[in-house]
Amino acid sequence: MIPNVLAERYASPAISEIWSAEGRIILEREFWIAVMKAQKDLGLDIPQEAIDAYESVKDQVNLPSIMERERVHPSRCQSSYRRVLRSCRASAYPQGHDLP
């Protein structure tokens with residue numbers, strides 16, 4: 001994790017906690033819980049027990065586990081980049097023209 005030098009120098013402890021890695025994860029979880037509640041209010045079949053289960057564990061953040069699951073190997077990024085680039089080039093140039 002890259003430290004945030006500006007936050008360490010100038011932010012209050014409360015703001016630093018909110019925007020810490022754990023704080024951002026909890027905020028995102030609170031957002032999705034609010035989405036589930038709104039969807040339930042709009043008539044989607046979301047059991048209250050499911051919402052309660054998410055709320056009961058929203059503060060349990062295992063940062064190393066999350067970082068490991070979300071880590072992307074550089075070779076995957078490169079192959080995805082090449083695939084997107086080929087797709088963009090193919091759509092930008094008519095068939096029969098050389099790609100730069």
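The structure holds 1 aromatic pair, where rings of Phe, Tyr and Trp (its six-membered ring) count as a pair if their centres lie within 6.5 Å. The rings of Phe31 and Trp32 have centres 4.9 Å apart and planes at 75°, so this pair is edge-to-face (planes under 30 degrees apart count as stacked, over 60 as edge-to-face and the rest as tilted). This is a predicted model, in which local features need pLDDT of at least 70 and side-chain atom pairs count only at pLDDT 80 or more, while totals for chains, interfaces and linings use all residues. Residues are numbered from 1 along each chain as its sequence is written, and side-chain values use heavy atoms, with hydrogens and water left out.

**Overall organisation**

- The chain has 6 helices and 0 strands, with helices (H or I, at least four residues) and strands (E, at least two) taken as DSSP runs numbered from the N terminus.
- Read from the N terminus, the order of elements is α-α-α-α-α-α.
- Of the 100 residues in the chain, 10% count as buried; buried means under 20% relative accessible area, exposed over 50%, and partly exposed in between (1.4 Å probe, protein chains only).
- The accessible surface of the chain is about 8,500 Å², and carbon and sulfur atoms account for 58% of it; such areas come from the Shrake-Rupley method with a 1.4 Å probe, and for residues only the protein chains shown count as cover.
- Among contacts (heavy atoms within 4.5 Å) between residues at least 6 apart in sequence, 42% join residues at least 24 apart.

**Confidence**

- The mean pLDDT of the chain is 79, and 68% of its residues reach 70 or more; pLDDT is the predictor's confidence in each residue, from 0 to 100.
- Confidence is highest in helix H4 (residues 48-57), at a mean of 95, and lowest in helix H6 (residues 74-92), at 57.
- Where pLDDT is low, the predicted coordinates should not be read in detail.

**The aromatic pair**

- Phe31 is partly exposed, with a relative accessible area of 47%.
- Its partner in the pair, Trp32, is also partly exposed, at 48% relative accessibility.

**Salt bridges**

- The structure holds 2 salt bridges, each defined as a side-chain nitrogen of Lys or Arg within 4 Å of a carboxyl oxygen of Asp or Glu.
- One of them joins Glu30 and Lys58, whose closest N and O atoms are 3.2 Å apart.
- Glu30 belongs to helix H3 (residues 21-41) and Lys58 to the loop between H4 and helix H5 (63-70), so this bridge ties together parts that are 28 residues apart in sequence.
- Lys37 forms a salt bridge with Glu55, and here the closest N and O atoms are 2.7 Å apart.
- Lys37 lies in helix H3 and Glu55 in helix H4, so this pair connects parts that are 18 residues apart in sequence.
- Lys37 is partly exposed, with a relative accessible area of 35%, and Glu55 is partly exposed at 31%.

**Surroundings of Glu55**

- Leaving aside residues up to four places away in sequence, Glu55 touches Ile33 and Lys37.

- Ile15, Ile18, Trp19 and Leu27 form a nonpolar patch on the surface, with about 380 Å² of accessible area together.
- Patches are made of residues with over 30% relative accessible area and no salt bridge, where like charges are joined within 9 Å and nonpolar side chains (Val, Leu, Ile, Met, Phe, Trp, Tyr) within 5 Å.
- Ile18, a member of this patch, is in helix H2 (residues 13-18) and counts as partly exposed at 38% relative accessibility.
- Glu17 also lies in helix H2 and is exposed, with a relative accessible area of 60%.
- Glu17 and Ala7 are 10 residues apart along the chain, and their C-alpha atoms are separated by 9.9 Å.

**The N-terminal segment**

- Asn4 lies in the segment before helix H1 (5-10) and is partly exposed at 44% relative accessibility.
- The C-alpha atoms of Asn4 and Trp19, 15 residues apart along the chain, are separated by 9.8 Å.
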